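Let's take a walk through this model together. Have the sequence and the 3D view side by side, and we'll go from the whole chain down to single side chains.

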Amino acid sequence: MDVVDTIRTSSQSVKGTASCQCELGREKLLTAPPYKQVSIPDNESVNSRLQTAPCARDLQQNRCPISHIIITFKSPLKPNETYTKVFPATTPIKQVKRKLSKLIAVSNNNILLTKNRHVLKEATLLSDLKSDAYGNVVIDVFTKNSEEFSLSAIPKDSYVHDIFYAMVPKKFLPFIAIKFKVKCQNGVFTRSYHSNMTIQEIKKNLGGIFQTRPDNLVILRGGDTLENDVALCNLDYDRYGIVDVELFTTDNTYLNLNNLYKEVPLNDIIQVVVPLDNAIKNVNVEVYSETIKKPFLGGYRNIHTGVIYHHAFSQTPQRPDRVQPENKNCRDTQTAETRDKYYDTSYSRAIQMDCVHAYIPNVTDRILVPRPYEPYDEKMAHLNLKHYATVIQRAFRRHRFRQKVKEWLEECLDRLRRIREEERLEQEANERRLRKDLITKTFPRNREDFDQLYAMVDRWKHAEITRISQLHSKGPKIAEFSLLLDKEVELLRCIESYRIKVKEDSRKIKEKQFLEEISKPIAWYGRDGKVITMETIEIQKAREFKEFYNSYLRCDMRVNERIELLVEMKFSLQEFNHDLTEEIIELLERECDLLIRGCNDHQLEFLRRRTAACIFQLIKTSELNSGVTKCKDIRDYRKMENSKLYFCEMCHQVKSYTDFPLNTRMSGYLVCTSCSWRDVAEKSWIDMTPYKFILRATQRDERKRKCWGSLAFVLQEKDIFYIVDKIWHSRSAISECDDMTQLRLCRWRVKEDWSPWNCFLITTQEMKAHVKLVNPELVYDDELIRKVVNKHKLAKGTFEQLISVNRRFTESGDWHNVRAAATDRVDAVEPC
């Protein structure tokens with residue numbers, strides 16, 4: 001760049017100002033870099049050193065007004081624990097202490113807030129504290145009596161900094177640099193504009209540069225189009241005043257980026273203020289801009305855009321060499337520079353030079369004779385580099401192959417380990433399942449367990465009938481059937497007696513839970529987070545009833561103590577005027593008479609059961625227990641009132657819909673669960689345990705596939721029993737395996753949702769191979785495919801009602817509201 005200085009004395013120039021001689025329009029003035037106004041310094045400022053840092057007044061002018069303050073609480077005893085919270089600037093320290101005491105559960109009078117080792121007064125405002133430019137203040141927290149507290153346990157407010165910094169105004173910048181990214185051309189350029197310019201003015205400027213209409217240009221910011229009336233100062237720029245936008249045209253016009261720098265003036269005039277001895281002169285300097293021709297040092301060209309890229313270049317001309325390259329014949333660049341230096345030895349030394357004054361023996365000398373000249377071809381043939389390169393390559397390839405084999409071996413061993421681990425887990429799961437089945441068969445607790453026992457007896461009976469029919473005939477056959485009948489009756493009697501005992505244990509447990517529930521105090525959490533309990537008069541009365549009932553059930557009392565207890569209970573019940581209390585008093589008097597006559601506990605067992613049932617009924621009656629169970633009765637009534645009720649045709653009672661058996665093929669609620677279980681004549685004993693396991697396995701597989709709209713979450717165990725037993729005949733469709741512990745219902749087409757008309761009954765091992773098939777019609781034979789299609793048609797005809805329900809809920813998107821739980825959770829003791 002050549003600079004020509006022309007010094008002209010201007011008598012009309014104003015002292016103390018600097019002006020530009022060229023006339024720029026509004027558009028060029030706004031896009032040009034800002035000119036700083038230079039004031040005339042006085043003699044003292046001229047002689048003094050220029051300031052290199054802003055003064056305190058400049059910092060106060062650039063400081064933004066803070067309406068909120070971010071306080072960071074620290075504990076000097078625990079430096080790693082901090083807590084940050086935003087407060088208004090007008091908040092006093094007293095309110096800050098009160099808020100902090102609630103968060104850390106410490107008394108307000110026990111907290112001390114310090115800053116720079118000075119205790120803060122309660123009347124001090126947060127705006128009076130010294131903070132940084134962003135309004136951050138660090139305060140140390142202490143307690144007077146060294147009470148422990150934790151700041152890390154307070155839940156963090158992740159949004160406070162974003163809210164606070166959004167309210168703090170940004171520093172105003174006169175000029176903003178916009179980085180344009182042209183997506184379709186993969187080009188980027190940057191231009192500087194005044195912050196008061198609008199998007200419409202920028203489009204006009206770019207339209208004149210690229211020779212296109214301004215309305216043809218579109219500027220995007222974050223995926224949103226910028227409106228024409230938006231000013232640059234309103235954009236979200238960074239602290240360096242840079243904004244990233246995207247630029248493209250509506251009609252896909254090609255933008256020639258080479259036109260960006262054509263508008264740069266070739267020459268310009270700037271005014272420089274030159275201080276002299278006692279005066280100041282304004283010097284006009286004319287600047288000429290001339291580009292240099294870059295030397296080509298190698299590169300490549302883009303075949304799509306035609307742009308040539310240089311490997312290396314410089315922005316200034318290179319210094320010419322003193323000697324042209326073609327005139328250089330030395331090897332200065334390849335050899336080190338040598339210097340001669342003389343040394344004088346401190347004493348005489350021998351030198352390797354033959355002279356008359358020194359004798360040097362030549363016994364060990366060797367005479368070297370130059371060998372004949374060896375051409376390059378002969379030398380390369382002698383070295384045989386290709387052979388050694390082949391050897392190296394062969395060794396390297398062998399090494400790489402051994403590494404690959406090692407990786408394949410590790411992968412194979414890892415896969416074998418995973419297979420063995422999966423087999424081990426499956427075996428353990430089967431063992432746990434068999435162990436659980438054995439426990440439920442040995443110690444049945446609910447109806448499903450007793451159904452399993454009755455089903456075992458039924459299977460054993462049919463197996464014995466088949467065996468007797470094949471081995472005997474006439475008289476022996478009749479005798480065997482008689483013995484079989486006696487054995488069956490004995491087994492059913494044992495199961496029924498055990499069921500009655502379990503039912504009695506369940507009743508006792510329910511009575512105990514009822515007494516615990518009505519005598520439990522009311523509890524809630526206070527402001528300090530501690531549990532507060534309250535015992536009302538009704539709860540105290542319920543506790544007395546509980547002790548009254550438990551004392552009667554005691555069996556470790558002597559006769560005299562038992563008679564005293566019965567007399568006390570008799571007098572305590574005389575205050576109630578009710579038929580039930582009169583009956584209890586009569587039973588108590590009868591027991592006293594029998595005890596006096598010498599009856600033992602075994603003879604009084606049924607009388608005591610009747611008396612205990614009457615006492616428990618007294619406790620449950622709200623009219624006689626002083627309102628102890630009134631709240632519970634109201635809750636039970638509201639629960640029944642809000643639920644859907646249906647009429648049972650067998651027991652003639654109105655019950656909730658949860659008391660009726662559910663399946664997808666039923667059209668209404670007719671018989672409740674208790675009546676359907678008692679009606680043994682109308683029911684064939686079926687063990688639902690394997691079918692429930694198949695249903696849960698299907699639901700688990702659908703849950704892994706994230707298919708929450710599958711019909712597997714709607715079907716019940718009876719539906720799975722119908723599909724497996726009636727449609728697929730409890731056999732694998734491929735191997736005809738009839739082991740129910742190994743059968744699974746998987747998808748027929750893996751890409752579609754599971755449904756009764758898209759299922760396939762196979763074993764576990766067969767399912768692992770089937771789920772890998774994309775199109776099963778191309779793998780299985782025609783006979784099996786026709787069999788599966790017929791099964792699916794039969795399932796569609798059986799579950800026709802479910803098809804319409806599935807279509808309605810799928811189209812409305814309400815499947816997530818009606819899907820059933822994946823695991824049925826039952827109580828530990830269920831009524832039989």
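Of the 832 residues in the protein chain, 28% are buried, where buried means under 20% relative accessible area, exposed means over 50%, and partly exposed is in between (1.4 Å probe, protein chains only). Before going further, keep in mind that this is a predicted model: local features need pLDDT of at least 70, side-chain atom pairs count only at pLDDT 80 or more, and totals for chains, interfaces and linings use all residues. Residues are numbered from 1 along each chain as its sequence is written, and side-chain values use heavy atoms, with hydrogens and water left out.

The protein chain holds 22 helices and 21 strands; these are DSSP runs numbered from the N terminus, with helices (H or I) of at least four residues and strands (E) of at least two. As for contacts (heavy atoms within 4.5 Å), take those in the protein chain between residues at least 6 apart in sequence: 58% of them join residues at least 24 apart.

Strands S16 (residues 522-525) and S17 (residues 531-534) pair in the antiparallel sense over 4 bridges; for strands to pair, DSSP has to find at least two bridges between them. Trp524 has Ile532 in S17 as its bridge partner. There are 5 residues between the two strands, and in that turn Gly529 has a positive phi of about 85°.

Now move on to helix H13 (residues 579-596). Which residues of H13 are buried? They are Leu580, Thr581, Ile584, Ile585, Leu587, Leu588, Glu591, Cys592 and Leu595. Those residues cover an arc of only 160° around the axis, so they sit on the same side of H13; the arc is that of the directions from the helix axis to the C-beta atoms. The general rule behind such a pattern is that an α-helix has 3.6 residues a turn, so residues three or four places apart point the same way. On the other side of H13, Asp579 and Ile596 are exposed. The cover over the buried residues of H13 includes helices H11 (537-552), H12 (559-573) and H14 (605-620).

Zoom in on Thr581, in helix H13. Thr581 counts as buried because its relative accessibility is 0%. Leaving aside neighbours within four places in sequence, Thr581 is in contact with Leu573, Phe576, Leu618 and Leu624. After H13 comes Gly598, with a positive phi near 95°.

Finally, the rings. A search of the whole structure turns up 12 aromatic pairs: rings of Phe, Tyr and Trp (its six-membered ring) pair if their centres lie within 6.5 Å, with planes under 30 degrees apart stacked, over 60 edge-to-face and the rest tilted. Phe514 and Phe616 have ring centres 5.6 Å apart and planes at 70°, so this pair is edge-to-face. It links distant parts of the chain, with Phe514 in helix H10 (residues 474-518) and Phe616 in helix H14, 102 residues apart. Phe514 is buried, with a relative accessible area of 11%, and Phe616 is buried at 10%.
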